[in-house]
Amino acid sequence: MSGDPYDRLFQAAEAARARAYAPYSAFPVGAAVLAADGTVHAGCNVENAAYPVGQCAEANAIGAMVGAGQVRIEAVLVIGGRPGDDTLCTPCGACRQRIREFAPPEAPVYICGPEGLRRQETLATLLPLSFGPENLGG
Ligand code: THU
């Protein structure tokens with residue numbers, strides 16, 4: 001697959017994945033989000049000797065976006081997977097909720113391996129009947 005914004009997201013996520021700190025799982029992940037102003041923000045997973053303290057790539061990409069002053073996600077791309085293993089690196093449940101905070105239901109979520117796109121979903125298909133800011137009157 002090609003075309004903007006997919007290409008920009010893929011390149012940013014792959015560059016972040018190359019810097020992942022994943023000594024415990026040996027499962028590097030990169031993520032990138034497209035913000036409403038057209039900027040792309042990326043993150044990688046950052047593990048920790050105290051395992052539960054590790055952070056997902058998506059969480060760090062979202063943190064970078066918010067730190068840059070953006071609070072709306074138009075698209076998400078995640079890259080993960082070991083060579084020769086074509087299982088999907090889908091966002092974990094907690095990260096689906098993190099995306100939900102800033103993205104509309106129709107936002108595309110590109111699920112990739114190092115070679116390219118493996119599956120395209122939306123936030124709504126990954127997290128149906130979700131709870132978000134509107135539920136609190138936001
Ligand atoms: N991981 C992510 O960063 N994002 C995902 O979408 C799935 C899993 C990380 C967490 C942990 O560092 C490693 O992958 C193995 O679970």
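The model is predicted, with local features needing pLDDT of at least 70 and side-chain atom pairs counting only at pLDDT 80 or more, while totals for chains, interfaces and linings use all residues. Residues are numbered from 1 along each chain as its sequence is written, and side-chain values use heavy atoms, with hydrogens and water left out.

**Nonpolar cores**

A nonpolar core is here a set of buried Ala, Val, Leu, Ile, Met, Phe, Trp, Tyr and Cys residues joined through side-chain atoms within 4.5 Å. Buried means under 20% relative accessible area, exposed means over 50%, and partly exposed lies in between (1.4 Å probe, protein chains only). Helices (H or I, at least four residues) and strands (E, at least two) are DSSP runs, numbered from the N terminus.

The largest nonpolar core has 20 residues, and those touching the most other members are Val33, Ile73, Val76, Val78, Ile99 and Ala103. At least two residues of this core come from each of E1, H2, E3, strand E4 (108–113) and helix H4 (123–126).

With residues up to four places away in sequence not counted, Val78 touches Val29, Gly30, Ala31, Glu58, Cys89, Pro91, Tyr110, Ile111 and Cys112; contact means heavy atoms within 4.5 Å.

Strand E4 is largely enclosed by the rest of the structure, because six of its six residues are buried. Pro108, Tyr110 and Cys112 point one way from E4, whereas Val109, Ile111 and Gly113 point the other way.

Val109 of E4 is the bridge partner of Val76.

Tyr110, found in strand E4, counts as buried because its relative accessible area is 7%. Tyr110 and Val71 are 39 residues apart in sequence, and their C-alpha atoms are 19 Å apart in space.

In helix H2 (57–67), the buried residues are Ala57, Glu58, Ala59, Ala61, Ile62 and Met65. Their cover includes strand E1 (29–35), E2, strand E3 (73–80) and helix H3 (93–100). An α-helix has 3.6 residues a turn, so residues three or four places apart point the same way. Just after H2, Gly69 takes a positive phi of about 95°.

Tyr51 is placed in the loop between strand E2 (40–44) and H2. Tyr51 counts as exposed because its relative accessibility is 60%. Together with Tyr21, Tyr24 and Val46, Tyr51 makes a nonpolar surface patch of about 430 Å². Patches are made of residues with over 30% relative accessible area and no salt bridge, with like charges joined within 9 Å and nonpolar side chains (Val, Leu, Ile, Met, Phe, Trp, Tyr) within 5 Å. Accessible areas come from the Shrake-Rupley method with a 1.4 Å probe, and for residues only the protein chains shown count as cover.

**Salt bridges**

Side chains of opposite charge can pair when their charged atoms come close. A salt bridge is a side-chain nitrogen of Lys or Arg within 4 Å of a carboxyl oxygen of Asp or Glu. The whole structure contains five salt bridges, among them those in the table.

| Arg72 | Glu74 | 3.2 Å |

Arg72 is partly exposed at 38% relative accessibility, and Glu74 is partly exposed at 30%. Arg118 is partly exposed at 23%, whereas Glu115 is exposed at 56%. Arg119 is partly exposed at 43%, whereas Glu121 is buried at 15%.

Ala26, in the loop between helix H1 (6–17) and E1, has a positive phi near 50° although it is a residue other than glycine. Leu129 likewise has a positive phi near 50°. Leu129 lies in the segment after H4 and counts as exposed because its relative accessibility is 90%.

Notes. Pairing = 2+ DSSP bridges.
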